[in-house]
Amino acid sequence: MKDKEIVVMESAGLKVVSKRLPKVDGRSIVRGEARYTKDFVREDALFAVIVRSPYAHARIKNIDTADALAMEGVELVLTHEDVPRIAFTTAGQNYPEPSPYDTFMLDNKVRFVGDRVAVVAARDRLTAEKASRAVRVDYEVLPAVFDPEDAMKEGAPVIHDEPDATGIHDAPRNVAASIYAEVGDIEEEFRNADFVSEHTYYSQYEQQVPMEPHVTYSYIDEVGRLVIITATQVPFHVRRIVARVNNIPIGRVRVIKPRIGGAFGVKQEIILEDLCGHVALRTGKPVLMELARDEEFYGTRPRHPMKLTCKTGVMKDGTMVANEIRVVANTGSYGSHGLTVPSNAGSKSLPLYRARAIRYVAEAAYTNLPVAGAFRGYGAPQGYFALECHMDEVAREIGMDPLEFRRKNLIRAGDMDPISAKLGEGKEGYEREVRTCGIQECIDLASNAVGKGSGGREGGDGVAAGGWGPFRRVRRGVGFALCMHGTGIPGDDVAGATIKVNEDGSFNLLIGATDLGTGSDTILGQMTAEILGVSLDDVIVYSSDTDFTPFDVGAYASSTTYVSGTAVVRAAEKVRERLREVAAELMGTVTGKLTFEGGEFRAPGGKSLHIKEVALKSIYGETKRQISETASFLNLDCPPPFGACWAEVEVDLDTGMVRVTDIANAIDVGRAINPDLVEGQIVGCAAMGIGYALTEEMLFSAEGRTLNASLLDYKIATSLDLPDIKGFIVETVEPSGPFGVKSVGEVSMDPIAPAIVNAVFNATGVRIRELPLTPEKVLTALREAGL
Amino acid sequence: MKEFRQFVVAGSPEEAIGLKRAIGPGALYLAGGTSFVPFIKTPVDVLIDISKLGFSSVVVGGGKVAIGATTRIADLMAPELREAAPMLYKAARRLATPLVRNMATPGGNLAYAFLPSDLAVAFLATGAEIEVLGERARRVAIEDLLKDGWLAGDDLVSKITLAGRGAGQGTGFAKFGKGEVDIALVSAAAWLEVSDGGVAGLRLAVGQTSSMPAFLEEAADKARGEKVTRGLVETIASVASESVEPTNDHRASAGYRKHLIKIMVSRAFAEAAGEAGTAIAD
Amino acid sequence: MDAPAGETLVEVLRRLGFKSVKDGCYTGTCGGCTVLMDDRPVASCIMLAAQADGSRITTLEGLADGDKLHPVQEAFLEINTPQCGFCSPGMILTAVSLLRRNPNPTREEIREAIAGNTCRCSGYVKIVDAVVLAAEKMRGGARR
């Protein structure tokens with residue numbers, strides 16, 4: 001990978017940024033010294049377990065906790081009668097959250113199999129689990145509904161009939177959210193188009209499956225404050241929400257995010273912290289809560305399944321005049337992210353193609369299934385699966401080469417993007433200007449890397465000594481997809497950074513920004529070091545502790561590098577200015593006469609002082625002071641990164657098994673602050689996207705129980721299931737971003753599934769419009785096509 | 001934490017069997033433990049560790065391969081065994097993961113044969129003599145073990161003996177899962193002996209998720225004396241898929257499994273023909 | 001040392017302070033709990049501690065020699081392989097065991113060896129790159 005050329009549009013004399021520096025936490029990880037949430041837990045901490053509903057929809061008539069409480073080692077059993085009833089959303093979004101407040105810490109109704117019923121705290125996990133089985137619940141079972149379109153029909157059981165929920169679009173119709181956005185006059189454009197084509201696609205519940213399950217540890221410290229150490233993407237939202245639902249002041253809560261073992265969106269949520277904090281407050285004792293792996297599947301926040309109908313009007317020469325997507329989203333039994341994810345399915349995908357009229361319509365329906373939430377891409381992978389398969393189909397229908405058809409209609413640098421302005425996340429959107437667009441370079445890199453017999457893995461299918469000869473018929477094919485995404489949520493993402501000078505010329509960088517393993521600690525440290533003219537080793541990064549680090553919305557919406565990065569750059573520039581003042585004093589001149597280069601302040605006449613010397617003098621010199629500067633940044637823009645994926649697949653015509661034999665994912669990220677870490681995102685997203693396309697889906701029984709809540713039955717890729725994924729970085733140096741960055745963590749997901757589905761079509765002539773492309777599904781389609 | 005009361009390291013087979021007989025279903029033999037330790041839900045009284053009874057090695061000699069029941073499955077993949085018993089590598093290489101294979105044992109894999117056991121399917125095809133200790137001590141052909149209701153009571157498998165590979169013989173193993181690392185949705189194993197271009201002997205077995213393996217005598221018999229052609233393979237595979245009741249669950253429908261059985265049997269057969277040195281005629 | 005019969009090996013190790021051993025799934029399917037038992041990688045969450053009696057157990061904490069890292073650890077750092085790092089302890093130990101048995105593995109052989117160690121972050125490319133580099137280092141001729 002390191003030999004791959006990075007296509008750079010502009011060179012820069014950068015010394016720390018752009019370098020493949022080792023992660024600041026790398027050494028601790030490889031030595032086994034990195035500390036995750038569970039590593040901080042005291043031996044004598046309680047363990048609390050959630051009692052969960054076996055029914056998809058029921059009222060709780062009575063809960064008898066006497067037997068459970070009588071068991072030895074049981075500390076506490078709580079039901080809805082014992083906790084505050086305060087409506088909230090579990091979504092880790094900035095306040096005021098655009099999700100309905102339809103959830104309660106513990107409720108008198110259950111709405112999916114696995115919903116919270118009660119909590120049991122005991123001296124250890126085994127005791128807590130035993131006691132949870134001794135809790136007796138009387139339910140009044142209600143009819144349940146599992147299909148989002150059925151849920152919105154007349155006569156469907158009403159899932160949220162509680163009077164104290166707010167923010168639901170139409171509760172009696174089970175509609176959590178409803179979206180309509182139009183640019184131009186789309187019906188007119190359809191009427192005048194030479195050709196109109198419509199297709200419907202279906203996407204599935206997909207689970208993030210982080211290697212570390214959700215885990216939260218709460219205790220009361222020596223001055224009576226509630227301390228929560230938790231695996232979260234959003235420490236500040238956790239603090240606010242936990243305080244609110246526990247009726248305590250925000251200032252009485254401290255939230256710390258240590259190392260976490262992956263998130264991908266599923267930890268952008270209050271899954272355990274409200275309840276764990278509550279048990280700590282009630283008992284005064286430290287409490288650990290950790291989800292078992294099966295709970296991790298049905299008790300967290302998988303990807304919203306969607307039915308997406310794409311309709312496009314084109315002229316004979318291939319010009320797109322009208323482009324529309326209509327979505328029915330299944331938001332599960334609570335509305336967390338129920339407006340914003342469906343909104344993003346359109347707002348991230350539709351801008352890719354210039355059309356005179358664009359329309360996006362979406363409804364998010366409640367069903368009695370697990371709660372959907374934030375998952376890398378946040379609606380865009382669903383939107384692009386549909387859109388980029390549809391574009392392929394339309395191109396073929398009008399007899400045009402699929403890549404030529406795209407090129408003819410792609411958005412370009414210099415264009416405005418009007419549909420984004422109509423699709424703000426619960427508020428007025430911002431009209432976006434596309435200043436940098438490296439999609440052409442992405443297309444060149446990805447298309448040249450795949451399908452030329454240039455690699456990809458053989459093996460798999462156990463092709464053994466004898467071989468299977470005529471009894472294994474395969475076909476290979478190549479497909480592609482394009483994409484663009486966003487960078488942060490305009491008008492909403494805010495980040496703060498504080499930089500403090502130490503006398504040895506090291507600097508403490510305090511950031512709220514949340515490193516999920518993504519490396520944000522490292523790259524924000526790199527930015528700081530670059531501006532201050534020091535090395536990364538001179539920057540001491542401390543992040544995600546609500547007592548010490550400035551406010552930051554957290555790691556989501558692909559905002560950290562751009563938004564937190566801007567705050568860091570501003571703070572570093574302020575610190576450099578303060579030190580420049582000291583340097584000027586020390587050298588008997590004025591700041592305007594000093595230049596800064598190579599870490600040195602240089603005065604006319606040859607005098608110079610290294611910034612480290614200035615730092616020392618700032619603290620111990622004549623005029624002693626502590627230089628420490630804070631800056632914050634509210635993001636008002638959303639510059640799109642771009643991407644292209646080319647995939648080669650091998651389809652086994654006898655079993656329907658699809659294998660990706662070669663794949664290239666090329667992304668215009670603006671600037672790669674640390675190319676190693678950016679490559680890690682591009683390749684990691686591709687691996688996840690392959691699972692999304694081919695193997696990952698949650699399956700439910702007729703009663704709404706999750707059937708495959710285990711790693712045995714929910715297949716994520718092992719090292720044997722993937723080719724050597726090729727990732728490519730393109731840099732276009734975005735003027736609005738610190739050092740030219742845009743983003744990488746979500747855009748890299750978007751083109752993968754459609755590229756694979758298009759490749760299967762190329763291999764077999766069979767078009768499948770439902771994810772995932774399981775072997776059984778593919779075989780059925782092959783048979784229907786006579787293969 | 002798993003709910004076990006007592007862990008006893010048996011010093012002799014008699015001690016292990018005596019303890020099991022005395023306690024009954026509340027006692028479990030433990031070798032690798034990989035089949036049940038992760039999944040145990042109800043408390044177990046006693047675990048009887050049988051891994052130190054000396055059943056942990058493989059002996060090749062006298063035209064036979066004798067496998068101790070508590071040998072680590074990873075060791076069955078040793079290069080030294082590939083000549084004498086090529087089926088071992090084929091069946092073991094996709095059995096769970098390398099981590100599991102470093103603990104799991106063939107005895108344990110047979111005892112939990114309904115998962116399905118890849119080794120049980122493989123041994124039914126190659127033929128194997130199973131040595132069982134206990135009240136019903138016996139040395140029995142594996143297909144007879146299947147007919148008699150498999151293992152029960154204090155049955156303790158001590159040794160599995162395969163015939164070493166002879167001239168004109170070949171094996172094949174085909175496993176289908178949703179990914180490379182998976183419990184078999186469907187697996188198939190074949191053992192073939194050819195002479196004068198014709199089938200001298202064929203043995204077939206099929207495994208499916210959550211089912212005991214099936215030994216397909218009827219399908220295999222149809223091949224005897226026939227020339228090894230593409231048509232024969234297809235016919236036998238079809239008969240095989242008709243003779244097994246396909247399971248139906250959320251992992252795969254009955255119809256799909258039925259089809260997979262045909263495909264996997266044909267692939268295992270073809271692989272065996274290749275290894276036996278016979279080209280499949282059109 | 002004494003342990004209750006039902007305690008798994010990962011529980012005992014973590015209780016003794018070896019926090020690098022992770023329990024991500026409790027069913028032996030993710031590999032986060034990998035330790036070396038007499039140089040073989042095993043899943044410690046599906047083993048009872050009692051089954052380790054008499055064997056030598058190595059966790060990641062025991063790999064480096066003071067400040068001197070094992071070549072696999074060095075290689076992981078040089079390639080910048082770890083993302084969230086949760087799979088890293090298990091992955092590194094499995095790689096160490098592989099290289100002891102096979103000093104010159106192909107990329108395919110590496111993938112076979114780590115098939116029981118699931119990584120959700122990386123797509124495995126930089127993991128394989130790191131093991132290839134570590135093998136070069138251990139054969140005494142690392143050029144990058």
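Strand 1 of chain C, residues 34-37, pairs with strand 3 of chain C in the antiparallel sense, over 2 bridges. The model shown here is predicted. One of the residues involved is M37(C), whose bridge partner in strand 3 of chain C is I57(C).

These strands belong to an open sheet of 3 strands in chain C. The strand order is 2-1-3, and the pairing is antiparallel. Strand 2 (40-43) and strand 3 (57-58) of chain C stand at the edges. Each has a single partner strand, so one side of each is left without a neighbour in the sheet. Helix 3 of chain C, residues 88-101, packs on this sheet. This helix touches strand 1, strand 2 and strand 3 of chain C. Its direction makes about 30 degrees with that of strand 1 of chain C.

Now to the contacts between chains. Chain C meets chain A through 42 residues of chain C and 46 residues of chain A. On the chain C side, helix 2 (71-79), helix 3, helix 4 (107-113) and helix 5 (125-138) each supply at least two residues. Helix 4 of chain C gives the most, with 4 residues. By class, this side of chain C has 19 nonpolar, 14 polar and 9 charged residues.

Chain C also touches chain B. This contact takes 18 residues from chain B and 22 residues from chain C. On the chain B side, the elements giving two or more residues are strand 1 (4-9) and helix 3 (98-101) of chain B. Strand 1 of chain B provides the largest share, 4 residues. The chain B side divides into 10 nonpolar, 5 polar and 3 charged residues.

Key: Residues are numbered from 1 along each chain as its sequence is written. Chains are lettered from A and ligands numbered from 1 in the order in which they are written. This is a predicted model: local features need pLDDT of at least 70, side-chain atom pairs count only at pLDDT 80 or more; totals for chains, interfaces and linings use all residues. Two strands pair if DSSP finds at least two bridges between them. Two residues are in contact if their C-beta atoms, placed from the backbone, lie within 7 Å. Axes are lines fitted to C-alpha atoms, for helices over the stretch in contact, and angles run from 0 to 180 degrees between N-to-C directions. Ala, Val, Leu, Ile, Met, Phe, Trp, Tyr, Cys and Pro count as nonpolar, Asp, Glu, Lys and Arg as charged, and the others, Gly among them, as polar.
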